[in-house]
Amino acid sequence: MNALDETYAAIDALIGYAVRRLDLDPRNEDWTRNRILELYGLDSYDVSDGPTGDGATSGETDDINVLLDRFRTAAATAGLFGAEDGAVQADIVMGLLSRCPADLQDRFAAIERERGGKEAMRWFYDYCVANTYVKRAQLDANPRFDSHGLVVTINLAKPEFKNMAKAAAGNAVAGGYPKCTICHENEGFAGRNKRTLRTMPVMLGGEPWFWQFSPYGYFNEHGICVNTAHTPMHVDRDTFVQLLDFVDRFPGYFLGCNAALPRIGGSVLAHDHYQGGGESLPMHKASAWGAMRLPAHPDATVEILDWPGTAVRVVSASRETIVEVGDMIRRAWIEYDDPAADIASHDADGNRQSALSPSVIVTDRGYEMSLIFRNNAVSETYPDGIFHAHPEYYPVKQEPIGLIEAQGLFILPGRLVEQLGAIEDALVSGGDLPDAVGEFALEWEELTAALAGNREREAVRAAIREELGSVCERILGNTAVFKTKEQTRGFLASLGFVEAE
């Protein structure tokens with residue numbers, strides 16, 4: 001089979017896959033194939049034997065990565081495009097094979113009516129994996145392990161932004177269309193290779209928002225819920241209402257947001273949005289160090305979490321109570337000052353420095369709204385942030401700590417795979433810390449002490465994972481605005497909260 005015939009066969013295989021996995025109507029097979037042929041100036045076609053949509057051909061696979069590799073290789077060999085353009089061409093073809101947004105929204109609505117919001121979301125996620133917008137193979141390749149009560153991942157695809165200036169530059173869009181990287185106008189936009197992006201409309205607080213899954217998600221069914229209007233991020237009373245609306249419609253998911261401040265997380269602050277998904281994060285399962293109540297709202301309990309960062313959990317079966325209590329804490333925190341603890345609600349120019357990061361789930365206890373206390377003040381000692389990862393931990397993590405990591409799922413940079421590999425080899429061989437990773441002196445010292453001469457590779461690898469978890473736990477401690485649980489209790493007591501019986 002020559003390269004052109006192989007290309008025809010690869011296109012046929014993709015058409016068949018689209019019928020089986022992407023809801024391509026078999027009546028549209030020829031029309032869709034002709035659209036693909038037109039892309040490459042092909043005015044003839046060697047028809048393969050048999051229909052493509054009645055099941056996979058003998059030996060055929062439903063692994064879309066294999067099918068796309070076959071197409072890219074054959075088409076590049078046939079001279080239809082350069083090998084370096086293969087990824088873009090695959091995105092173009094998959095965009096054509098994917099159903100249009102309106103069709104998918106209709107299907108989503110039908111599944112939600114029949115089986116509920118959670119099942120509709122699961123179907124939509126599977127679709128986004130099938131059409132390659134969600135890069136599941138890359139996500140599964142990321143190292144991931146539990147350590148020190150946290151989940152630690154090394155993300156091989158995510159670029160590392162060590163400061164918010166770089167993050168802002170990475171989120172900029174030249175030309176003014178779309179206005180930012182998460183605007184709804186990105187759906188299908190070729191200029192950002194978003195041809196396979198599909199979204200679902202969501203009403204929050206009576207306003208139109210939309211949901212989309214993240215292509216390089218940090219956890220199961222990770223996505224963002226975005227305000228349809230391009231409006232700046234903010235956290236206020238309405239935020240709590242909107243989060244509750246979401247989890248009412250999609251039980252089993254959590255939803256939250258970063259504090260709407262620079263230097264805290266990597267959010268696109270220019271566009272209001274939330275993050276969430278179908279996995280409970282470590283903080284959702286954290287135990288309570290103490291519990292308090294407000295006499296005016298006896299149907300709510302506020303738990304001080306046994307957690308390295310500063311966080312409380314408001315628990316109630318009443319939406320209205322969750323909103324009232326949560327907003328009372330928010331209003332008090334954003335005006336709170338404690339010079340002895342380096343907490344300043346505003347900087348010298350009057351800019352706000354304190355905010356909450358809320359996150360809500362539904363459990364058998366009712367609504368559980370976690371409130372993470374954040375502050376982005378800087379000092380001469382800590383120019384990147386007093387409540388930011390401290391410099392001794394920068395070799396592991398220098399990026400700002402956002403909502404997901406504040407809840408215990410750390411996303412570490414891909415460079416660590418090679419760097420930690422070098423450290424592992426040196427520990428196994430009994431050598432010194434290699435010069436190329438000399439900045440890991442602190443971790444090296446702690447690892448050698450923990451291993452006490454043990455050079456077994458599995459023991460070394462386990463010790464490195466424990467060390468990473470320990471460093472991440474200490475970084476969360478750096479972000480804590482109250483360094484003791486008693487301080488958190490004192491703050492709540494100043495608002496009228498009393499110890500729960």
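## Arg70 and its partner

Arg70 is partly exposed, with a relative accessible area of 28%; here buried means under 20% relative accessible area, exposed over 50% and partly exposed in between, using a 1.4 Å probe and protein chains only. Its side chain meets that of Glu6 in a salt bridge, at 2.7 Å from N to O. This pair links distant parts of the chain, with Arg70 in helix α3 (residues 64-77) and Glu6 in helix α1 (residues 3-21), 64 residues apart. Glu6 also counts as partly exposed, at 24% relative accessibility.

A word on the terms: a salt bridge is a side-chain nitrogen of Lys or Arg within 4 Å of a carboxyl oxygen of Asp or Glu. Helices (H or I, at least four residues) and strands (E, at least two) are DSSP runs, numbered from the N terminus. This is a predicted model, where local features need pLDDT of at least 70 and side-chain atom pairs count only at pLDDT 80 or more, while totals for chains, interfaces and linings use all residues. Residues are numbered from 1 along each chain as its sequence is written, and side-chain values use heavy atoms, with hydrogens and water left out.

A search of the whole structure finds 36 salt bridges. One of them joins the side chains of Arg331 and Asp327, at 3.2 Å from N to O. Where do these two sit relative to each other in helix α10? They are four residues apart in α10 (residues 319-333), and so are separated by about one helical turn. An α-helix has 3.6 residues a turn, so residues three or four places apart point the same way. Arg331 is partly exposed at 45% relative accessibility, whereas Asp327 is buried at 4%. Both residues belong to a network of salt bridges that links Arg237, Glu324, Asp327, Arg330 and Arg331.

Asp425 and Arg457 form another side-chain salt bridge, at 3.0 Å from N to O. Here again distant parts of the chain are linked: Asp425 lies in helix α12 (residues 415-429) and Arg457 in helix α14 (residues 457-479), 32 residues apart. Asp425 is partly exposed, with a relative accessible area of 41%, and Arg457 counts as partly exposed at 33%.

## How α2 meets α4

Two packed helices are described by the angle between their axes and the distance between the axes. For helix α2 (residues 29-39) and helix α4 (residues 86-97), the axes come within 10 Å and cross at roughly 155 degrees. That makes α2 roughly antiparallel to α4, a label for angles over 145 degrees; angles under 35 count as roughly parallel, 65 to 115 as roughly perpendicular and the rest as oblique. The axes are lines fitted to C-alpha atoms, for helices over the stretch in contact, and the angles run from 0 to 180 degrees between N-to-C directions.

On the α2 side, the contact (heavy atoms within 4.5 Å) is made by Thr32, Arg35, Ile36 and Leu39, and on the α4 side by Ile92, Val93, Leu96 and Leu97.

## Tyr45 in its loop

Tyr45 is found in the loop between α2 and α3 and is partly exposed at 22% relative accessibility. Not counting residues up to four places away in sequence, Tyr45 touches Tyr8, Asp12, Arg33 and Leu37.

## Helix α6

The buried residues of α6 are Gly117, Ala120, Met121, Trp123, Phe124, Tyr125, Tyr127, Cys128 and Ala130. Just after α6, Thr132 takes a positive phi of about 75 degrees.
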